[in-house]
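Here is a short tour of the model you are about to see. Keep the 3D view open and follow along, topic by topic.

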Amino acid sequence: MENRCRFWLPKKKRFCANAPLQGSQFCGNHRPESEEIRVPCPVDPSHSILQENLVAHVRRCPFVKQTQALQTQPFYKKGVNSGMDEAREVKERLAGSNISFNKPLLESSDMSSSEKRDAIYKMSVVELSQLFGKIKSIHSTFASTVLESYAIPEACRRWLSQQVERKLPFQEKHALQQASILGNMEAIGILQKPVNLDDVGAFKTSCSEGSSDDKISSPSVVEFGAGRGYLTHMLTNCYGIKKVILVERKSYKLKADRSLRQEKGMTIQRLRIDIEDLDLHAIESLRGPYLAIGKHLCGPATDLTLRCCLSEQHSQNGEARQDLDSNMKGLALATCCHHLCQWKHYINKKFMSSLGIYKEEFHAITWFTSWAVDAEHGSELFDALYHGLHLNSISEVQDSAAGIGGAEEVIRNMKALDRAVLGFICKEIIDIGRLIWIKENGLEAKLVKYVPYSISPENHLLVAKCSNHI
């Protein structure tokens, strides 16, 4: 114990195991005087270093070689899917007008959750009431767009009952979500229903293994935000997919990759890259039809993925083009973490703007979405969600706006149930805008609640089929 750092780690319920610095009770990471002089690494901000060691660290940071190697890849294109920044939007609005704009325009930056909250608290009660009114009006107009579709396919029944041999960890709630994603893909027609079940639990397609017809009919799969690749693992195991590309910017342990590579005829490629920088059409190994999938694409990752897959569907003026022969057969993207969404990246700013929702109000809506997952998901909330979303507190705020102090007080006095329901409403509005954008690109698309709230409150799935792959 004498040779350990004296910094207590509450989660691990023990002291730090590192050796202390000479003349100190703490290691270099935990000595109190070092906290003020630690700075994020300029190569990878996910870790920090002492400011005095910054120059030396950059020379030996393990992420330097990784970043340099990535930048040489043909599919790397910095910010290709990031979306139109605020400066470019202003320039385009001013183009063709008689207005001159000579001041430098800065790119819009992401807003943190605390910045969104502070902006909302600065609203007057009248402004907050008007925003609540817009949210209610928008949702009442488009609520019927969101469908219920909890679809567990027969192809996954044996897998879910754990009758197939696998070495990966099994958690029922995640397995049910993965199965329903595949079931909705099968229902819309972008996955072919398997015919026979072989001896080891993997399904055979209608074409014989190794035949040329099988290679043609079986699409590749690109999983965005793949994490450990468990969604792809179920997909390949149950539907006989033999070529997958996993896109994930982080490194994970306990990945499904090893198990996938052991399957006969499987081709797997993992790309450690941010979706924002991925030029999908420059991946040399991705030829022919493919499916785009993703489970819990956090915040703007959904928008980045849609732009990554469908950017070629747009002409230079931003209007949809129907004459392009895209190789994408379809997509299934489960959205989540709407509180992280950013106006800069959002795929359908045109839709929001047409409803009177601009940058500031959009960020407020994203902040409200956190109430959906923070709530106590008891029977009262589920009853309110299943029998129609109602916001009694909003009506009360609108009726008595003049007599209440400020926006912060209004929010703090809202009923917990109404806060949760408002969160779910805002999540739906954000995803409805994405659905409309997909349809404008000529795809047959649906927004569904693919699992009950009791399994996961993050239960929205965008599923779509391209018309040229019917």
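This is a predicted model: local features need pLDDT of at least 70, side-chain atom pairs count only at pLDDT 80 or more; totals for chains, interfaces and linings use all residues.

Two strands count as paired if DSSP finds at least two bridges between them. Helices (H or I, at least four residues) and strands (E, at least two) are DSSP runs, numbered from the N terminus.

Residues are numbered from 1 along each chain as its sequence is written, and side-chain values use heavy atoms, with hydrogens and water left out.

**The chain as a whole**

- The chain has 18 helices and 14 strands.
- Of its 470 residues, 47% are buried; buried means under 20% relative accessible area, exposed over 50%, and partly exposed in between (1.4 Å probe, protein chains only).
- A contact means heavy atoms within 4.5 Å. Among contacts with a separation of 6 or more, 69% link residues 24 or more positions apart.
- The chain exposes about 24300 Å², and carbon and sulfur atoms supply 49% of that area; the areas come from the Shrake-Rupley method with a 1.4 Å probe, and for residues only the protein chains shown count as cover.

- Strand 5 runs parallel to strand 13 (residues 443-449), joined by three bridges; leucine 147 stands opposite valine 448 in strand 13.
- Strand 14 pairs antiparallel with strand 13 over seven bridges, and alanine 445 stands opposite alanine 464 in strand 14.
- Strand 14 also pairs antiparallel with strand 12, over six bridges; here glycine 330 has lysine 465 of strand 14 as its bridge partner.
- How many residues of strand 14 are buried? Seven of its seven are: His460, Leu462, Ala464 and Cys466 on one side, and Leu461, Val463 and Lys465 on the other.
- In a regular strand, side chains alternate between the two faces of the sheet.

**Nonpolar cores**

- A nonpolar core is a set of buried Ala, Val, Leu, Ile, Met, Phe, Trp, Tyr and Cys residues joined through side-chain atoms within 4.5 Å.
- The largest such core has 69 residues, of which Ile135, Phe224, Leu278, Leu280, Leu331 and Phe368 touch the most other members. Helix 18 (residues 416-440) supplies the largest share of this core, 10 residues.
- A second, separate core of 38 residues includes Leu176, Leu182, Tyr450 and Ile455.
- Leaving aside residues up to four places away in sequence, leucine 280 touches Val222, Phe224, Leu286, Tyr290, Cys308 and Cys309.

**Helices worth a look**

- Nine of the 10 residues of helix 9 (residues 230-239) are buried, so this helix is largely enclosed by the rest of the structure. Just after helix 9, glycine 240 takes a positive phi of about 70°.
- Glutamine 177 belongs to helix 7 (residues 172-188) and is buried at 2% relative accessibility.
- The side chain of glutamine 177 reaches the backbone oxygen of lysine 173 at 3.0 Å.
- Beyond its neighbours within four places in sequence, glutamine 177 is in contact with Lys295, His296, Tyr450, Val451, Ile455 and Ser456.
- Leucine 70, in helix 2 (residues 62-71), is buried with a relative accessible area of 18%.
- Leucine 70 and leucine 271 are 201 residues apart along the chain, and their C-alpha atoms are separated by 9.2 Å.

- Most residues other than glycine have a negative phi.
- Lysine 13 has a positive phi near 55°; this residue lies in the loop between strand 1 (8-9) and strand 2 (14-15) and is exposed, with a relative accessible area of 66%.
- Cysteine 337 has a positive phi of about 50°; this residue lies in the loop between strand 12 (328-336) and helix 12 (349-354) and is buried, with a relative accessible area of 18%.

Technical notes:
A polar contact is a pair of N or O atoms within 3.5 Å; within protein, one must be able to donate a hydrogen and the other to accept it, and residues adjacent in sequence count only if both atoms are side-chain atoms.
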